[in-house]
Amino acid sequence: MAAYCPLPAMAPDLPVWTHAAPAPPEPQPLPLFMYPPPPPLPAGRRLLPWPVAHRPPPDFFEMDYRRTHSLVQFLTDEGAIPTPEEEETREQVIRELKKIVTDWVKTVACQERVPPRRVTATVLTYGSYTLGAHGPESDIDALCVGPCIANLPYHFFAVLRQILKCRPEVSGLQTVENAKVPLMRFRFSGISVDLTYAQLPVLDAVQAINTSSPQYLRRLDSRSWKSLSGVRVNEQIVQLVPDQEKFQVLLRCIKLWARRRGLHCHLLGFFAGIHLAILAAYVCQRFPNATANGLFTMFFEIFAHWPWHIPVDLHGQQTNCTRSDGCLMPIVMPCSPPELCASNMTEGTFRKIREELMRGYVLTKDLGSHDFEWAWIFEPFPYSTTYEQFLRIALCAPTSEELHDWSGWVKSRFPYLILKLEDNGIECDPNSSQEVDHTVVKPNIVYHWGLIPQSDTLLDTSSLKEDFMKYVINDVYGKVKCTDSELTLSLVGASELPKSMYNDSFYSRHLHQYGVGYQAAADCWSTIG
């Protein structure tokens with residue numbers, strides 16, 4: 001079976017890089033990028049070694065400029081940067097949501113017999129949109145901040161849901177009530193929105209919305225606390241990043257890379273948006289004067305060699321936030337008190353992330369290469385040629401609306417299925433791409449996960465489905481959703497995959513001329529040995 005080549009184990013006590021003392025002018029070697037090392041880690045933690053000082057190639061600065069220009073052009077041509085018209089649509093969606101929430105809270109006030117003039121609510125945004133690194137297809141992460149009289153189960157998930165459902169701009173409305181951070185997911189004027197809820201212990205929520213105020217944070221329930229964390233973390237990242245524009249370009253690059261290489265789906269054990277934002281901010285902190293090319297290159301160099309027993313922390317100070325059991329890639333949210341980002345990562349998904357980081361490092365490490373193409377970095381992951389066997393997960397429902405609801409519920413349970421496979425001695429590479437089986441009459445969605453058996457283990461899909469379905473319908477909510485819906489698990493070979501999964505290494509064979517004015521190599525791997 002074709003699969004990943006395992007990476008050599010890293011000895012955490014051995015340095016990956018060596019930090020050279022500052023060098024005088026010519027004829028001594030110039031430090032790479034000529035930037036200072038990062039601030040020291042807290043007492044008791046070993047300082048991550050820094051790059052060796054090297055003399056740059058004679059045309060390094062011209063190459064750096066060209067690569068930066070071609071990288072930004074690549075993002076534009078690949079549609080990673082929204083047009084002004086798309087930006088206006090998003091702003092209009094947020095304005096409309098704020099009006100809806102304002103009207104909703106007045107309705108709640110009347111129901112609870114509270115003078116409407118005393119009660120307020122609003123909508124805050126966070127995530128990639130607020131950080132300025134969203135793409136045309138990115139969703140809007142929004143937080144509805146309500147007063148003490150508006151509770152989550154009824155006023156948010158019943159009253160507000162009904163108001164949204166009656167709006168002609170809203171489609172595909174789905175509720176995820178039992179998640180760690182409960183939310184409503186829908187499309188508003190074609191834009192995907194994830195709307196969470198925080199209930200403040202006051203009537204005037206707008207006035208009390210200082211999310212960093214300990215006075216209110218201490219009195220929040222756990223779910224509201226988790227919902228507010230996205231806004232609080234965003235505020236901190238914006239304050240800690242030295243150059244917003246460079247940070248936005250870097251984060252767009254990292255997100256596009258993660259999507260193309262199958263690493264951007266939190267439910268499947270890969271990166272969430274917050275993970276990528278913090279990693280990008282870390283690189284920008286360490287290299288405040290670097291170009292976009294330099295930042296993206298250093299992202300791979302730093303995290304391909306990162307000793308993951310040490311959490312990534314933007315504050316660089318002593319904290320009680322240490323790697324917990326089962327946390328394979330600890331990343332500290334820059335908020336007070338500090339806490340680790342939630343993660344569904346498993347041994348299998350962690351391995352793929354490390355291998356993809358190393359792949360990026362190998363492709364970008366030669367700063368003087370004249371045959372470099374950004375398309376190599378962003379080439380879609382070749383699932384069809386990497387794995388010989390796949391787990392086929394088919395979801396079916398009587399109507400498109402019911403399928404949307406059913407698939408959302410099942411996907412929220414996917415982390416359990418991934419762990420169940422690993423318990424059976426089979427690692428998997430869960431592909432988030434959705435296919436449709438046109439031979440089935442009912443609305444359906446199909447997923448294909450690449451399988452990596454660790455031995456000669458045979459997978460019993462009947463037993464696996466039985467265990468998984470018990471978890472899916474472990475409460476009344478799940479039982480209601482699966483009443484008329486179906487889930488099928490089966491094993492298929494690579495030859496049975498739909499044609500849409502055969503990208504045929506498009507970017508390797510038909511490379512766009514996004515390089516630096518030089519002819520692309522015929523085979524990108526031939527340039528790296």
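Which residues of the largest nonpolar core touch the most other members?

Reply: This is a predicted model. The largest nonpolar core holds 90 residues, and those touching the most other members are Ile-237, Trp-257, Phe-296, Phe-299, Phe-303, Leu-391 and Trp-449. In soluble globular proteins, nonpolar side chains tend to be buried together.

Take Ile-237 in detail. Leaving aside residues up to four places away in sequence, Ile-237 touches Leu-131, Gln-244, Phe-247, Ile-274, Ala-277, Ile-278, Ala-281, Leu-314 and Pro-334.

Two packed helices are described by the angle between their axes and the distance between the axes. For α1 (residues 60-77) and α9 (residues 292-304), the axes come within 7 Å and cross at roughly 85°. That makes α1 roughly perpendicular to α9.

Strand β8 covers residues 389-396 and strand β10 covers residues 444-453. These two strands pair in the antiparallel sense over seven bridges. Cys-396 stands opposite Asn-444 in β10. In a regular strand the side chains alternate between the two faces of the sheet.

Both strands belong to an open sheet of four, ordered β9-β10-β8-β11, with antiparallel pairing. β9 (426-430) and β11 (486-493) are the edge strands; each has a single partner, so one side of each is left without a neighbour in the sheet. From one strand to the next, the twist averages 30°.

Two helices pack here. Helix α13 (residues 400-411) lies across β8, β10 and β11, and runs at about 135° to β8. Helix α14 (residues 414-423) touches β8, β9 and β10, with its direction at about 145° to that of β9.

Asp-405 lies in helix α13. Its relative accessibility is 23%, so Asp-405 counts as partly exposed.

Elsewhere, strand β1 (residues 122-126) has four of its five residues buried, so it is largely enclosed by the rest of the structure. Five bridges join β1 to the antiparallel strand β2 (residues 140-146). In that pairing, Thr-122 stands opposite Val-145.

The loop between α2 (84-111) and β1 holds Arg-113. Phi of Arg-113 is near 60°, a positive value in a residue other than glycine. Arg-113 counts as exposed, at 80% relative accessibility. Most residues other than glycine have a negative phi.

Finally, the whole chain. The protein chain has 17 helices and 11 strands. Of its 529 residues, 51% are buried. Among contacts between residues at least 6 apart in sequence, 73% join residues at least 24 apart.

Note on methods: Residues are numbered from 1 along each chain as its sequence is written. This is a predicted model: local features need pLDDT of at least 70, side-chain atom pairs count only at pLDDT 80 or more; totals for chains, interfaces and linings use all residues. Side-chain values use heavy atoms; hydrogens and water are left out. Buried means under 20% relative accessible area, exposed over 50%, partly exposed in between (1.4 Å probe, protein chains only). Two strands pair if DSSP finds at least two bridges between them. A nonpolar core is a set of buried Ala, Val, Leu, Ile, Met, Phe, Trp, Tyr and Cys residues joined through side-chain atoms within 4.5 Å. Contact means heavy atoms within 4.5 Å. Axes are lines fitted to C-alpha atoms, for helices over the stretch in contact, and angles run from 0 to 180 degrees between N-to-C directions. Angles under 35 degrees count as roughly parallel, over 145 as roughly antiparallel, 65 to 115 as roughly perpendicular and the rest as oblique.
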